[in-house]
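Here's a quick briefing to read with the structure open beside you. Take a look around first, then work through the points below.

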Amino acid sequence: MTPPVPSGSWPRAPWVRRLRLPTQPLARHLVLALCGAAILYAVTSSLSPYNDFEVGEIALYVIALAGLSLLTGLNGQISLGHGAFMAVGAYSAALLMTHTHLNLLIELVAAIGAAGLLGLVIGIPATRLKGPYLAGMTLLLALALPPIADKWSTTFGGDQGLTTTVPSAPGSINPEEWLAWIQIVGALITLVLLANLLRSRYGRSFRAVRDDEIAASLAGIHVARTKVIAFVISAACAGLAGAFLGLSTGVVNTGEFPLTLSIQLLAAMVLGGTGTLMGMWWGAVLLVYLPQWSTSLSGDFNLGSGASAYLATIIFGVVLIVVMIAAPTGIQGGLRWAWRRVWSLRSGPGDGTPTVSRHPA
Amino acid sequence: MLEIQGLSVSYGAVDALKSVTLSARPGAITAILGANGAGKTTLLRTISGLVKPRAGAVRFDGDELLGRAAEDIARLGVSHVPEGRGVIAELTVEDNLRLATLWCMGRRERQKAIEATFELFPRLSGFRRRHASTLSGGERQMLVLGRALISRPRLLLLDEPSLGLAPLVTAQLMALLRDHTQGTDLTVVLVEQNARSALSVSQDAVVLNLGEVVMSDEAAVIAADSGLRHHYLGF
């Protein structure tokens with residue numbers, strides 16, 4: 001318990017009040033996205049090309065994780081097969097790149113569409129499944145899809161895979177920075193669109209269906225349709241992320257989309273904060289950097305190559321356990337809780353809108 | 001007008017309803033009475049599409065309800081308030097109300113309807129932005145009733161609305177229900193364990209026992225039948 005602080009003992013300066021974000025959701029999300037863009041622009045232009053490449057990877061994982069967060073956190077459906085949707089997006093874009101010379105934008109839209117279509121095919125039977133059964137079905141998808149690419153190796157390039165090409169950068173911008181920028185813009189557009197969607201009737205319907213399907217249907221919400229829409233949107237996000245991953249690596253083959261990718265996506269989403277969008281940045285940072293840290297760590301301790309291969313997985317597991325104990329709502333949930341604590345200490349009780357803590361204090 | 005004919009529902013080998021025939025007229029409250037296991041809740045769940053029956057017909061204002069999905073029946077103007085649940089705990093009070101109007105109202109009309117609901121339940125208006133999970137049992141019952149009424153239903157199915165409520169709140173609820181029904185074309189089907197309070201508010205009543213209709217008549221007639229009361233209603 002904290003001693004009550006008299007209200008107004010920390011008067012907020014007028015400029016703080018003026019700095020409040022707009023209340024209109026669309027304006028608010030756009031302002032946040034533009035701020036994010038400015039920060040990331042400053043970051044990418046000061047970093048080395050290799051670091052730019054990593055920032056781009058973070059951005060693409062944010063896209064996939066945000067879609068997964070919407071599906072699992074807000075609609076209550078679990079997916080262990082999001083790596084497969086990424087693969088579909090990556091192969092679709094790469095196939096168009098090898099056979100046609102279309103605009104990158106069209107190739108990305110095709111990747112989104114193809115993954116969304118598969119999301120529709122998987123999402124319809126998924127409405128009849130719950131929890132572990134749905135996890136099983138989507139897991140099967142992640143297992144069943146790569147062999148298809150191996151089977152028709154003339155189309156999909158077999159083990160070699162398909163090569164991708166990034167459109168050349170304008171002016172003197174180096175290619176890594178240019179690609180990172182394409183991916184960052186993609187991530188920010190995705191986040192703004194999803195954030196608005198969540199504030200709309202769809203967002204409310206998603207949450208209603210997650211909480212109580214019977215109550216939702218009695219309120220006139222089409223439960224099955226709502227779940228399919230969530231699945232399609234989530235798959236489409238993964239498709240865009242997959243196409244971006246193909247651009248980053250320069251080649252698309254089945255080795256890039258192992259089962260562990262799907263599982264890591266789910267774990268990173270939980271770490272970041274299930275159901276949040278901003279939390280996905282934390283999850284994506286962990287996805288990109290944890291393998292690197294574990295490699296350098298195993299180098300420091302002179303571990304053999306066998307042990308170091310597992311170290312990343314072990315660290316991921318340990319981080320997951322620690323975060324789940326310390327902050328069950330993920331990193332973003334923990335930060336929000338800490339922020340509210342600081343805020344209530346400063347402004348004293350009774351000030352501001354009453355918020356309900358969803359975090360066991 | 002709600003007309004149910006030869007409705008039979010079974011859960012596996014257990015027959016919950018055996019060829020039930022009854023009707024409920026608009027502008028009146030029809031109480032469905034009976035002991036535990038009489039089939040009262042099953043009856044409501046079948047009307048609103050949550051349970052698929054074995055045989056029978058359920059017609060409302062000429063529309064056959066059987067075979068339709070629960071959400072489509074809700075969109076026909078049938079509001080079902082299920083027993084002890086029906087609020088979305090993780091949504092705010094206002095969003096709970098909004099949810100039930102998404103498919104039938106424009107933005108301006110919706111806002112008006114929400115304000116009207118808060119006028120009907122002034123207690124709720126202080127909790128607009130609070131999660132429904134933080135409400136007390138009685139407040140939740142008000143919210144779920146408000147949500148059922150906000151879409152201006154033509155048929156209201158209430159399952160034990162007095163469950164867990166203080167007697168005074170129950171009385172207020174029943175009075176509100178009567179005001180909402182009299183002189184309108186709203187049909188209300190009220191399932192109640194508390195037969196005495198249900199009979200005091202309703203015009204018609206149906207007594208169910210082990211899935212069969214024992215008697216269906218005006219509420220005053222049933223309330224006057226002391227043998228029936230002793231046998232099936234426990235007062």
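Two residues are in contact, or "touch", if their C-beta atoms, placed from the backbone, lie within 7 Å. With that rule in hand, Val62(A) touches Ala187(A), Met280(A), Trp281(A) and Ala284(A), leaving aside residues up to four places away in sequence. Keep in mind that this is a predicted model.

**How confident is the prediction?**
- The model comes with an ipTM of 0.87 and a pTM of 0.85.
- For chain B, the mean pLDDT is 90, and 99% of the residues in chain B reach 70 or more.

**Chain A overall**
- You'll find 15 helices and 2 strands in chain A.
- Chain A has 361 residues, and 44% of them count as buried.
- Take the contacts in chain A with a separation of 6 or more: 77% of them are between residues 24 or more positions apart.

**The nonpolar core**
- The largest nonpolar core has 164 residues, and the members that touch the most others are Val62(A), Leu65(A) and Ala241(A).
- Helix α11(A) gives this core its largest share, 15 residues.
- In soluble globular proteins, nonpolar side chains tend to be buried together.

**Two helices packed together**
- Helix α11 of chain A (residues 223-249) also packs against helix α5 of chain A (residues 104-126), at an angle of about 145 degrees and with the axes 7 Å apart.
- α5(A) and α11(A) cross in a right-handed way.
- Sorted by class, the residues in the contact of α5(A) with α11(A) are 18 nonpolar, 6 polar and 2 charged.

**Where chain A meets chain B**
- On one side there are 18 residues of chain A, in contact with 27 residues of chain B.
- Which elements give two or more residues to the side of chain A that touches chain B? They are α9 (201-211) and α10 (213-218) of chain A.
- That side of chain A splits into 9 nonpolar, 4 polar and 5 charged residues.

**A covered helix in chain B**
- Helix α1 of chain B (residues 40-47) is mostly covered, with 7 of its 8 residues buried.
- The buried residues of α1(B) include Leu43(B), Leu44(B) and Ile47(B), and also Lys40(B) and Arg45(B).
- After α1(B) comes Gly49(B), which has a positive phi, near 90 degrees.

Note on methods:
Residues are numbered from 1 along each chain as its sequence is written. Chains are lettered from A and ligands numbered from 1 in the order in which they are written. This is a predicted model: local features need pLDDT of at least 70, side-chain atom pairs count only at pLDDT 80 or more; totals for chains, interfaces and linings use all residues. Axes are lines fitted to C-alpha atoms, for helices over the stretch in contact, and angles run from 0 to 180 degrees between N-to-C directions. Helices (H or I, at least four residues) and strands (E, at least two) are DSSP runs, numbered from the N terminus. A crossing is left-handed if the near helix is turned anticlockwise from the far one by less than a right angle, and right-handed if clockwise. Ala, Val, Leu, Ile, Met, Phe, Trp, Tyr, Cys and Pro count as nonpolar, Asp, Glu, Lys and Arg as charged, and the others, Gly among them, as polar. A nonpolar core is a set of buried Ala, Val, Leu, Ile, Met, Phe, Trp, Tyr and Cys residues joined through C-beta atoms within 7 Å. A residue is buried if 20 or more other C-beta atoms lie within 10 Å of its own, exposed if 12 or fewer, and partly exposed in between; C-beta atoms are placed from the backbone. pLDDT is the predictor's confidence in each residue, from 0 to 100.
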